[in-house]
Amino acid sequence: MSGGSGTFLEIQPSELAFPFEIMRQSSCSMQLTNKTDHYVAFKVKTTNPKQYCVRPNIGVVLPGSTCDVTVTMQAQKASPSDMQCKDKFLVQSVVAENGATAQEINAAMFNKEPGKVVDEFKLRVVYVPTTTPNPIPEESELGASAPSYSQENGISHSTMPLSVSRSSAETTKEKPSEATSVISKLTEEKMSAIQQNQKLRQELELLRKESSKTSGGGFSITFLFVVGLLGIIVGYILKRT
């Protein structure tokens, strides 16, 4: 943005542009460059002093040097319908004595008197609209959206809703526990079948001895029946395990 040139100071920029956002203060700056060989005193005034804070609002610029002035606009509760501002700033400058300091500058130095040059430069205020940030998505939108994954090694990874991913993880955790339960149950049944088999073998041995005593070494019909029944029971149990 172009600036302006007075008798003593060159002022950049020629207007004060404030980024405008409701309920938030904003700042801009201007540079005062002394283009003379003398010390120059300056004073900054505004038509709306309650709305702005100027630092420094008074000072001295040495020959060939530049002074930065920061103007802060207070937060506003509402924005104008046309985004136009009627506020103005005035920069006054006069030649000061060599070696003058900011503490020695007073308001009387800028009074207009015959034979005294008081340079004045006016700046208008401009509002610059700021872009509104995107609203934060609701929790329901976050649950429905799919996470993005970067492309690695030329393979684009597919996306999946977070709810489905959590469900899959829970299912994966449940499967090992179910398999463990089934294996434990089968192991118990097998051990029970082995114990029953041993018990039947012992009973079979007792029946064989008793049958040997009664029949003189032959097998009775009852013994053969028991042996056949035992075989059926053992085969059924082993088939289940």
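# Close-up views of a predicted model

**Figure 1. Aromatic pairs around Tyr52.** The structure, a predicted model, holds 3 aromatic pairs. In one of them, Phe18 and Tyr52 form a tilted pair, with 5.7 Å from centre to centre and 40° between the planes. Phe18 belongs to strand β3 (residues 15-20) and Tyr52 to strand β6, so this pair ties together parts that are 34 residues apart in sequence. Phe18 is buried, at a relative accessible area of 0%. Tyr52 is buried too, at 7%. Tyr52 also pairs with Phe89, and this pair is edge-to-face: the centres are 5.0 Å apart and the planes make an angle of 75°. Because Tyr52 lies in strand β6 and Phe89 in strand β9 (residues 88-96), the pair ties together parts that are 37 residues apart in sequence. Ring pairs link Phe18, Tyr52 and Phe89 into a cluster. A pair of aromatic rings is described by two values, the distance of the centres and the angle of the planes.

**Figure 2. The two faces of strand β6.** In a regular strand the side chains alternate between the two faces of the sheet. Strand β6 covers residues 52-55, and its side chains alternate.

Figure 3. Strand β6 pairs with strand β8 (residues 66-73) in the antiparallel sense, over 4 bridges. Tyr52 has Met73 of β8 as its bridge partner, and Val54 stands opposite Val71 in β8. The two strands are part of an open sheet of 5 strands, in the order β1-β2-β4-β8-β6, with antiparallel pairing. Strands β1 (4-5) and β6 stand at the edges, each with a single partner strand, so one side of each has no neighbour in the sheet.

**Figure 4. Phe89 and the nonpolar cores.** The largest nonpolar core has 26 residues, and the ones that touch the most other members are Met30, Tyr52, Val71 and Phe89. Two or more residues of this core come from each of β2, β3, β4, β5, β6, β8, β9 and β10 (119-129). A second, separate core has 10 residues, including Ala96, Ile105, Met109 and Phe110. Leaving aside neighbours within four places in sequence, what is Phe89 in contact with? Its contacts are Leu16, Val44, Lys45, Thr46, Tyr52, Val54, Val71, Phe121, Lys122, Leu123 and Val125.

Figure 5. Gln51 is placed in the loop between β5 (39-46) and β6. Is Gln51 buried or exposed? Its relative accessibility is 16%, and because buried means under 20%, Gln51 counts as buried. Not counting residues up to four places away in sequence, Gln51 touches Thr72, Met73, Gln74, Gln76 and Asp87.

**Figure 6. Two cis peptide bonds.** Most peptide bonds are trans. A cis bond joins Gln12 and Pro13, with omega at about -5°. Pro13 lies in the loop between β2 (9-12) and β3. Another cis bond joins Arg55 and Pro56, where omega is about -10°. Pro56 lies in the loop between β6 and β7 (58-61).

**Figure 7. Two residues with positive phi.** Most residues other than glycine have a negative phi. Met23 is not a glycine, and its phi is positive, at about 60°. Where is Met23 placed? Met23 is in the loop between β3 and β4 (26-34). With 56% relative accessibility, Met23 counts as exposed. Met83 likewise has a positive phi, near 55°. Its place is in the loop between β8 and β9. At 23% relative accessibility, Met83 counts as partly exposed.

Figure 8. An unreviewed UniProt entry places the feature "coiled-coil region" at residues 183-210. In the model, the chain over residues 183-210 is 100% helix and 0% strand. The end C-alpha atoms of this stretch are 41 Å apart.

How values were computed
Residues are numbered from 1 along each chain as its sequence is written. This is a predicted model: local features need pLDDT of at least 70, side-chain atom pairs count only at pLDDT 80 or more; totals for chains, interfaces and linings use all residues. Side-chain values use heavy atoms; hydrogens and water are left out. Buried means under 20% relative accessible area, exposed over 50%, partly exposed in between (1.4 Å probe, protein chains only). Two strands pair if DSSP finds at least two bridges between them. Rings of Phe, Tyr and Trp (its six-membered ring) pair if their centres lie within 6.5 Å; planes under 30 degrees apart count as stacked, over 60 as edge-to-face and the rest as tilted. Contact means heavy atoms within 4.5 Å. UniProt positions are given in the numbering used here, feature names are shortened, and annotations may be inferred rather than shown by experiment. A nonpolar core is a set of buried Ala, Val, Leu, Ile, Met, Phe, Trp, Tyr and Cys residues joined through side-chain atoms within 4.5 Å.
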